[in-house]
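User: Hi, I'm new to reading protein models. Could you walk me through one?

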Amino acid sequence: MKKVVVLLADGFEELEAIGVIDILKRAGVGVEILALGNVRVTGAHGITIEADEIFNYYNALDMDGVVFAGGMLNAETLSEERTVIDLVNYFYENDKLVAAICASPALILPKTKISRYLECTCYPDHEMVEMLDGFRFVDKNVVIDGNIITSQSPYTALEFALAIAKYLGADADGLLNGLKGNK
(Lines give C-alpha, C1' and ligand atoms only; values in the text may rest on other atoms or scores of the structure.)
Protein backbone atom coordinates (compact mmCIF):
# COMPACT_ATOMS: atom_id res chain seq x y z
CA MET A 1 0.00 0.00 0.00
CA LYS A 2 1.26 3.46 -0.90
CA LYS A 3 1.44 5.97 1.94
CA VAL A 4 1.43 9.76 2.05
CA VAL A 5 1.82 12.35 4.74
CA VAL A 6 -0.58 15.27 4.86
CA LEU A 7 1.27 18.03 6.67
CA LEU A 8 -0.87 20.68 8.39
CA ALA A 9 -0.49 23.84 10.46
CA ASP A 10 -3.14 26.14 11.90
CA GLY A 11 -5.07 27.96 9.19
CA PHE A 12 -5.23 25.04 6.74
CA GLU A 13 -8.07 25.10 4.21
CA GLU A 14 -10.43 22.41 5.53
CA LEU A 15 -11.95 21.29 2.22
CA GLU A 16 -8.51 20.87 0.65
CA ALA A 17 -7.18 18.86 3.60
CA ILE A 18 -10.12 16.79 4.77
CA GLY A 19 -11.42 16.15 1.25
CA VAL A 20 -8.03 14.91 0.08
CA ILE A 21 -7.58 12.74 3.20
CA ASP A 22 -11.03 11.22 2.68
CA ILE A 23 -10.55 10.48 -1.04
CA LEU A 24 -7.09 8.97 -0.53
CA LYS A 25 -8.32 6.70 2.26
CA ARG A 26 -11.26 5.57 0.11
CA ALA A 27 -8.73 4.79 -2.64
CA GLY A 28 -6.73 2.56 -0.29
CA VAL A 29 -3.83 4.96 0.16
CA GLY A 30 -2.35 5.08 3.64
CA VAL A 31 -2.58 8.59 5.06
CA GLU A 32 -0.62 9.92 8.02
CA ILE A 33 -1.73 13.35 9.22
CA LEU A 34 1.17 15.25 10.75
CA ALA A 35 0.78 18.64 12.38
CA LEU A 36 3.33 21.34 12.97
CA GLY A 37 3.76 22.25 16.62
CA ASN A 38 0.60 20.79 18.17
CA VAL A 39 -1.35 17.62 17.44
CA ARG A 40 -4.58 19.65 17.36
CA VAL A 41 -4.76 22.07 14.43
CA THR A 42 -7.53 24.50 13.57
CA GLY A 43 -8.44 25.27 9.99
CA ALA A 44 -9.13 28.60 8.37
CA HIS A 45 -12.86 28.22 9.03
CA GLY A 46 -12.65 27.10 12.66
CA ILE A 47 -12.73 23.31 12.24
CA THR A 48 -10.24 21.62 14.57
CA ILE A 49 -8.84 18.20 13.79
CA GLU A 50 -6.44 15.96 15.64
CA ALA A 51 -3.41 14.81 13.69
CA ASP A 52 -1.88 11.37 14.07
CA GLU A 53 1.41 12.85 15.29
CA ILE A 54 3.40 16.04 15.57
CA PHE A 55 5.65 16.48 12.54
CA ASN A 56 9.32 15.81 12.59
CA TYR A 57 11.45 15.27 9.53
CA TYR A 58 12.27 11.63 10.26
CA ASN A 59 8.73 10.37 10.80
CA ALA A 60 7.86 11.21 7.17
CA LEU A 61 10.84 9.87 5.22
CA ASP A 62 9.42 6.41 4.51
CA MET A 63 6.26 7.81 2.90
CA ASP A 64 5.63 7.76 -0.85
CA GLY A 65 4.50 11.38 -0.96
CA VAL A 66 3.77 14.58 0.88
CA VAL A 67 0.57 16.59 0.43
CA PHE A 68 0.06 20.24 1.36
CA ALA A 69 -3.39 21.78 1.70
CA GLY A 70 -3.78 25.49 1.16
CA GLY A 71 -4.88 28.22 3.50
CA MET A 72 -2.62 31.27 3.69
CA LEU A 73 -1.64 30.91 7.34
CA ASN A 74 -0.99 27.17 6.88
CA ALA A 75 1.13 27.72 3.75
CA GLU A 76 3.07 30.62 5.31
CA THR A 77 3.80 28.67 8.50
CA LEU A 78 4.91 25.54 6.64
CA SER A 79 7.03 27.51 4.17
CA GLU A 80 8.96 29.11 7.04
CA GLU A 81 9.86 25.78 8.66
CA ARG A 82 13.30 24.61 7.44
CA THR A 83 12.59 20.92 8.10
CA VAL A 84 9.47 21.12 5.91
CA ILE A 85 11.52 22.55 3.04
CA ASP A 86 14.18 19.87 3.62
CA LEU A 87 11.45 17.20 3.44
CA VAL A 88 10.12 18.56 0.15
CA ASN A 89 13.67 18.58 -1.25
CA TYR A 90 14.20 14.98 -0.12
CA PHE A 91 10.94 13.84 -1.73
CA TYR A 92 11.65 15.71 -4.96
CA GLU A 93 15.22 14.43 -5.23
CA ASN A 94 14.10 10.84 -4.55
CA ASP A 95 11.25 10.89 -7.10
CA LYS A 96 8.57 10.78 -4.44
CA LEU A 97 5.30 12.67 -4.82
CA VAL A 98 5.08 16.32 -3.82
CA ALA A 99 1.49 17.62 -4.04
CA ALA A 100 0.32 21.12 -3.13
CA ILE A 101 -2.89 23.08 -3.64
CA CYS A 102 -4.05 26.72 -3.51
CA ALA A 103 -1.55 28.97 -1.70
CA SER A 104 0.91 26.17 -0.90
CA PRO A 105 2.52 25.85 -4.35
CA ALA A 106 3.24 29.60 -4.43
CA LEU A 107 4.59 29.84 -0.88
CA ILE A 108 6.34 26.49 -0.41
CA LEU A 109 7.72 25.38 -3.81
CA PRO A 110 9.86 28.47 -4.53
CA LYS A 111 11.81 27.84 -1.31
CA THR A 112 12.84 24.35 -2.46
CA LYS A 113 15.29 22.82 -4.92
CA ILE A 114 12.47 21.85 -7.29
CA SER A 115 13.40 22.68 -10.87
CA ARG A 116 12.10 26.05 -11.99
CA TYR A 117 11.43 24.56 -15.43
CA LEU A 118 8.44 22.62 -14.13
CA GLU A 119 4.87 23.57 -14.86
CA CYS A 120 2.57 24.11 -11.92
CA THR A 121 -0.52 25.95 -10.83
CA CYS A 122 -1.73 27.66 -7.67
CA TYR A 123 -4.60 29.87 -6.60
CA PRO A 124 -5.14 31.84 -9.84
CA ASP A 125 -4.67 35.30 -8.39
CA HIS A 126 -2.06 37.64 -9.94
CA GLU A 127 -0.18 38.14 -6.68
CA MET A 128 -0.09 34.40 -5.95
CA VAL A 129 1.07 33.56 -9.48
CA GLU A 130 3.89 36.12 -9.17
CA MET A 131 5.07 34.32 -6.03
CA LEU A 132 5.77 31.19 -8.09
CA ASP A 133 9.11 32.84 -8.84
CA GLY A 134 10.15 31.27 -12.12
CA PHE A 135 7.94 28.21 -12.26
CA ARG A 136 5.86 28.00 -15.41
CA PHE A 137 2.30 28.80 -14.30
CA VAL A 138 -0.45 26.89 -16.12
CA ASP A 139 -4.04 28.02 -15.56
CA LYS A 140 -5.57 24.55 -15.12
CA ASN A 141 -7.37 22.91 -12.22
CA VAL A 142 -4.62 20.34 -11.73
CA VAL A 143 -1.12 20.25 -13.22
CA ILE A 144 1.11 17.18 -13.09
CA ASP A 145 4.77 17.57 -14.05
CA GLY A 146 6.94 14.62 -13.11
CA ASN A 147 6.47 13.87 -9.42
CA ILE A 148 4.91 17.28 -8.70
CA ILE A 149 1.11 17.69 -8.60
CA THR A 150 -0.38 21.14 -8.03
CA SER A 151 -3.92 22.45 -7.96
CA GLN A 152 -5.77 25.75 -7.62
CA SER A 153 -8.40 26.00 -4.90
CA PRO A 154 -11.09 24.34 -2.77
CA TYR A 155 -13.13 24.14 -5.99
CA THR A 156 -10.50 21.80 -7.51
CA ALA A 157 -9.79 19.73 -4.38
CA LEU A 158 -11.67 16.61 -5.53
CA GLU A 159 -9.88 16.60 -8.89
CA PHE A 160 -6.58 17.13 -7.02
CA ALA A 161 -7.26 14.21 -4.68
CA LEU A 162 -8.19 11.91 -7.57
CA ALA A 163 -5.01 12.91 -9.44
CA ILE A 164 -2.94 12.01 -6.37
CA ALA A 165 -4.74 8.67 -6.01
CA LYS A 166 -4.20 7.85 -9.68
CA TYR A 167 -0.53 8.88 -9.50
CA LEU A 168 -0.09 6.47 -6.59
CA GLY A 169 -1.65 3.62 -8.59
CA ALA A 170 -5.13 3.59 -7.08
CA ASP A 171 -8.22 3.04 -9.23
CA ALA A 172 -9.30 6.68 -9.34
CA ASP A 173 -11.89 6.03 -12.07
CA GLY A 174 -13.51 3.24 -10.04
CA LEU A 175 -13.46 5.45 -6.97
CA LEU A 176 -15.08 8.30 -8.91
CA ASN A 177 -17.79 5.97 -10.21
CA GLY A 178 -18.42 4.79 -6.65
CA LEU A 179 -18.77 8.39 -5.49
CA LYS A 180 -21.27 9.03 -8.30
CA GLY A 181 -23.29 6.01 -7.18
CA ASN A 182 -22.45 3.98 -10.29
CA LYS A 183 -21.77 0.33 -9.60
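This is a predicted model: local features need pLDDT of at least 70, side-chain atom pairs count only at pLDDT 80 or more; totals for chains, interfaces and linings use all residues.

User: How many helices and strands does the protein chain have?

Analyst: Helices (H or I, at least four residues) and strands (E, at least two) are DSSP runs, numbered from the N terminus. Here you get 7 helices and 11 strands.

User: What does the radius of gyration tell me about the protein chain?

Analyst: The radius is taken over C-alpha atoms, and the globule rule is 2.2 Å times the number of residues to the power 0.38. For 183 residues that rule puts a compact globule near 16 Å, and the protein chain, at 15 Å, agrees with it. Along the principal axes, its C-alpha atoms fill a box of roughly 45 × 35 × 35 Å.

User: Which strands form the open sheet, and in what order?

Analyst: Two strands pair if DSSP finds at least two bridges between them. In this model, 7 strands line up as E5-E2-E1-E6-E7-E11-E10, with mixed pairing. Strand E5 (53-54) and strand E10 (142-145) are the edges, each pairing on one side only. Inside the order, E7 (residues 97-101) and E11 (residues 148-151) run parallel over 4 bridges, and Val 98 stands opposite Ile 148 in E11.

User: Is Ala 106 buried or exposed?

Analyst: Buried means under 20% relative accessible area, exposed over 50%, and partly exposed in between (1.4 Å probe, protein chains only). Ala 106 lies in helix H4 (residues 104-108) and is buried because its relative accessibility is 3%. For the whole chain, 52% of the 183 residues count as buried.

User: What does Ala 106 touch?

Analyst: A contact means heavy atoms within 4.5 Å. Leaving out residues up to four places away in sequence, Ala 106 touches Cys 122, Met 128, Met 131 and Leu 132. Across the protein chain, 64% of the contacts with a separation of 6 or more join residues 24 or more positions apart.

User: Where is Thr 156, and what does it touch?

Analyst: Thr 156 sits in the loop between E11 and helix H6 (157-167). With a relative accessible area of 1%, Thr 156 is buried. Its contacts, again skipping residues up to four places away in sequence, are Ile 101, Asn 141 and Ser 151.

Conventions: Residues are numbered from 1 along each chain as its sequence is written. Side-chain values use heavy atoms; hydrogens and water are left out.
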